[in-house]
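Take a look at the sequence and the structure, and then read on.

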Amino acid sequence: MKIIKRNNLRRSGFAGLRETRLVMSPKIFRRSREAGTSSGIGRFCYLADASFLPYGETRMHTHRDIDVISVMVDGRLKHAGSLEDGQDLHVDDIQVQRSGTEGFSHNEINPDDSKNRMIQLWVIPETREEPAEYQMFRAEAGTRTRVYGGPADQDETFSARTAIDIAHLNTGDNVVQSGRRIVYVTSGEGTCNGEALTEGDLIETRDFKYKAKTDSKLILVFEI
């Protein structure tokens, strides 16, 4: 098991955004991958823990050949762009944007006078044949929610072999899973295989056994 601590990595940013990048796959970041970051798993190629300055925004930009998953942790975010323009994201909302054949453009805006916090993940699509598309999910306490990945014969999530689950655990709850996976603790404290974990820890493991010491929120990425 390997633990990468967010606070040990470089903080950077652009426009009205400040972020710490914890996953930077060499598939995308061939020469610009930052020291100490994870290389990802499967087609999961990027994870950043980001905060927007008061009234900060990214400005309009385009994504091609990348599916973008945004997980709201604190505050609010206003979404503008070519997919579902005007959507508001609140704490525990998860936004999924599939680039498809045409890609998509968006601007992420903090509408408030205080900082917010968002985790953003990127996955390289397995195919470009689908149209660009948008989904929204909401994670609830005590549940585990699939927000990306799954077989092609279902329409609850965009189909892919790389899966992303959001787990919200109550104090004392356990998550036990074998197989290679990457897990990010977005809030709370717990233990995994005898190691203490806290908010901002990214874990690479083949045998994940987490016990929540406090209410915890996890992002789990794995191949199915």
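Is Phe-208 buried or exposed? Phe-208 counts as buried, because its relative accessibility is 0%; here buried means under 20% relative accessible area, exposed means over 50%, and partly exposed lies in between, with a 1.4 Å probe and protein chains only.

This is a predicted model, in which local features need pLDDT of at least 70 and side-chain atom pairs count only at pLDDT 80 or more, while totals for chains, interfaces and linings use all residues. Residues are numbered from 1 along each chain as its sequence is written, and side-chain values use heavy atoms, with hydrogens and water left out.

**Aromatic rings**
- There are four aromatic pairs, where rings of Phe, Tyr and Trp (its six-membered ring) pair if their centres lie within 6.5 Å, and planes under 30 degrees apart count as stacked, over 60 as edge-to-face and the rest as tilted.
- Phe-208 and Tyr-210 are stacked, because their ring centres are 6.0 Å apart and their planes lie at 15°.
- Tyr-210 is buried too, with a relative accessible area of 1%.
- One aromatic cluster is formed by Phe-29, Tyr-46 and Trp-122.

**Charges over rings**
- Arg-98 has its charged end over the ring of Phe-158, 4.4 Å from the ring centre; the rule asks for NZ of Lys or CZ of Arg within 6 Å of the ring centre and within 35 degrees of the ring normal.
- Arg-181 lies over the face of Phe-222, at 4.7 Å from the ring centre.

**The open sheet**
- Seven strands make an open sheet in the order 2-3-4-11-6-9-12, with antiparallel pairing; strands are DSSP runs (E, at least two residues), numbered from the N terminus, and two of them pair if DSSP finds at least two bridges between them.
- At the edges are strand 2 (11-14) and strand 12 (133-138), each pairing on one side only.
- Strand 2 pairs with strand 3 (residues 17-24) in the antiparallel sense, over four bridges.
- Across that pairing, Ser-12 stands opposite Glu-19 in strand 3.

**Partners of strand 15**
- Strand 15 (residues 174-187) runs antiparallel to strand 18 (residues 201-212), joined by nine bridges.
- Within strand 18, Ile-203 is the bridge partner of Val-183.
- Strand 15 is also joined to strand 19 (residues 216-223) by six bridges, again antiparallel.
- In strand 19, Ile-219 stands opposite Tyr-184.

**Cysteines**
- The model has zero disulfides, a disulfide being a pair of cysteine sulfur atoms within 2.5 Å.
- Cys-45 is buried at a relative accessible area of 0%, and Cys-192 counts as buried at 0% relative accessibility.
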